Amino acid sequence: MKPVKYIKNYIGGALVPPDSGDYLDNVSPFNGEVYSHIPDSDASDVKKAVEAAERAFPEWSTCGAEKRFRILTRLADIIEQNLEDFAHAESLDSGKPITMSRSVDIPRAHSNIRFFATAIMHFASESHHMEGDAINFTLRQPIGVIGCISPWNLPLYLFTWKIAPALAAGNCVVAKPSEITPMTAFLLAKACDEAGVPPGVLNIIHGLGPKAGQAIVEHPKIKAISFTGGTTTGREIARIAAPMFKKLSLELGGKNPNIIFADCDFDKMIFDTLRSSFSNNGQICLCGSRIFVERPIYEKFKEEFVKRTRFLKIGDPFLPITDLGAISSKSHMEKVFSYIELAKVEGGEILCGGNIIEQEGKLEGGFYLSPTVIEGLPHDARTNREEIFGPVVTIMPFDTEEEVISYANSVVYGLSATIWTKDVTRANRVAEKLEAGVVWVNCWLKRDLRTPFGGMKSSGVGREGGLEALRFFTEPKNVCIKY
Ligand code: NAD
């Protein structure tokens, strides 16, 4: 399970080159060097993958939940047994600290698969009795061939979050990982082979979004699309898929507020706020990037938060002491940096960080940014409205509950929010009023895979997680029987 020089597509159970014979460079953000090549796939490769999936569907969709459970559980075990190889590949591809790949990304990938393998064994559908003369029951059947498209920030973690429920429910899948982080999806293909996933059940196509990704969205035989990525891409996918009446699940961008009341447990709050700001370089869709602090503790918060941010270690993703590794790509680093420049133009003050770090030695050429804290911007500045998706946060004081709720809800996004207070009544009141699909109170990123997950407004359509995912990946059909 080691990284390879030439990544291949996985179609009909075989690792194959792209039809065109063309490859793209795969750059490691660790040092900016091209270390492997990715198939530059197009509609022709997608067509073959869909045909393979269609051939596999009749058997996979009817083989029974227990058989699917066994195969998927085996797949989860293989990932777990090869955790170190997967973690190494993930960090090389994405620049994230190996400690995070080892403790979060890869463990979560195999637990996603195990979770949905188990869930399908317990999945039951509704029945509705009609006063003595008829009964309705809901058949939930697999849809057919599903397209799954995922981003680069949590590569294998989010890839499996879609693929696992789709397969467990009896569908066959054509999936595309991000072209920026393709390696663990390639290793997953190898693991499928070892686990005995029947040929064609899962097909993995590599390549660019507007080419390979769009071919998946456009293919008429793909009946549903599960997408995680940027809001602009989600809009484009919806534009193509909606007139074809495809089922759509869209998990999109965010600009999440952290709301900190003066009565919170300060030590716990500061520890978690540092995590929610800079974990994975702020490249988690759930990171809180707008930090609102009640005025009585604003100065104390600012001093302590900036001090702790300055302590964070930025550098070699493969060293255990590293807190922040590399930014996933050069173009993304430049985009994030452009927002730091914008913040200055808008009148913000950079309290710490704010610069690109030119590394030396083996990290030379890599993409490193210092974690950045900005103050002095109004809540409606562009820096506070647009998704930056990097190690950049703004801090702002507030005076009243009503005021902070209106600031929090003033952006187009509505993915997640965090509230810090010891007052449970207030926590409930604020949680009810926040426009966010996920609200954490006195914690952050505490995830239970059974809960609905997703955003409102421009953060997405539909929910993943638990039974929501199994419902999305099945077609409900009501059968009414008269006695
Ligand atoms: P992106 O939208 O650029 O790309 C995501 C995936 O879509 C990639 O595989 C890409 O190749 C593909 N793609 C791009 N254009 C396409 C097209 N026209 N048709 C089909 N596929 C296409 O996003 P990204 O930069 O990889 O990821 C970062 C974004 O993802 C951020 O906005 C972040 O908030 C969001 N995100 C959201 C969640 C969530 O659960 N809501 C989770 C993680 C990341």
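Pro-257 stands opposite Arg-290 of strand 13. The model is a predicted one. In this model, strand 12 covers residues 256-260 and strand 13 covers residues 288-294. The two strands run parallel and are joined by five bridges. Strands of a sheet pair through backbone hydrogen bonds, in either a parallel or an antiparallel sense.

The loop between helix 9 (266-278) and strand 13 contains Gln-283. Asn-280 is found in that loop between helix 9 and strand 13 as well. Gln-283 is buried, with a relative accessible area of 2%. Leaving aside residues up to four places away in sequence, Gln-283 touches Trp-152, Asn-153, Ala-326, Ile-327, Ser-328, His-332, Phe-389 and Gly-390. Asp-316 is 33 residues from Gln-283 in sequence. In space, the C-alpha atoms of Gln-283 and Asp-316 are 17 Å apart.

Most residues other than glycine have a negative phi. Asn-280 is not a glycine, yet its phi is positive, at about 55 degrees. Asn-280 counts as buried, because its relative accessibility is 6% and the limit for burial is under 20%. Lys-457 also is not a glycine and has a positive phi, of about 50 degrees. Lys-457 lies in strand 22, which spans residues 456-457. At 36% relative accessibility, Lys-457 counts as partly exposed.

A further open sheet has three strands, in the order 5-6-24, with antiparallel pairing. Strand 5 (127-130) and strand 24 (474-482) are its edge strands, and each pairs on one side only. Neighbouring strands of this sheet are turned against each other by 20 degrees on average, with direction ignored. Strand 5 pairs with strand 6, residues 134-142, in the antiparallel sense. Four bridges connect strand 5 and strand 6. Across this pairing, Ser-127 stands opposite Phe-137 of strand 6.

Another strand pair involves strand 10 (residues 222-228) and strand 11. These strands run parallel, with five bridges between them. Phe-227 stands opposite Leu-250 of strand 11. Strand 11 covers residues 247-251, and four of its five residues are buried. Strand 11 is therefore largely enclosed by the rest of the structure.

Helix packing was examined for helix 4 (residues 98-122) and helix 5 (residues 155-168). The axes of helix 4 and helix 5 come within 8 Å and cross at roughly 10 degrees. Helix 4 is therefore roughly parallel to helix 5, as angles under 35 degrees count as roughly parallel. On the helix 4 side, the contact comprises Val-104, Asp-105, Ile-106, Arg-108, Ala-109, Asn-112, Ile-113, Phe-116 and Ile-120. Helix 5 contributes Pro-155, Leu-156, Tyr-157, Thr-160, Trp-161, Ala-164, Pro-165 and Ala-168. The residues of this contact between helix 4 and helix 5 divide into 13 nonpolar, two polar and two charged.

The structure holds zero disulfides. For Cys-148, the closest cysteine sulfur is that of Cys-172, at 11 Å. A disulfide requires sulfur atoms within 2.5 Å, so this pair is too far apart for a bond. Cys-148 is buried, with a relative accessible area of 1%. Cys-480, in contrast, is partly exposed, with a relative accessible area of 47%.

Key. Residues are numbered from 1 along each chain as its sequence is written. This is a predicted model: local features need pLDDT of at least 70, side-chain atom pairs count only at pLDDT 80 or more; totals for chains, interfaces and linings use all residues. Side-chain values use heavy atoms; hydrogens and water are left out. Two strands pair if DSSP finds at least two bridges between them. Buried means under 20% relative accessible area, exposed over 50%, partly exposed in between (1.4 Å probe, protein chains only). Axes are lines fitted to C-alpha atoms, for helices over the stretch in contact, and angles run from 0 to 180 degrees between N-to-C directions. Angles under 35 degrees count as roughly parallel, over 145 as roughly antiparallel, 65 to 115 as roughly perpendicular and the rest as oblique. Contact means heavy atoms within 4.5 Å. Ala, Val, Leu, Ile, Met, Phe, Trp, Tyr, Cys and Pro count as nonpolar, Asp, Glu, Lys and Arg as charged, and the others, Gly among them, as polar.
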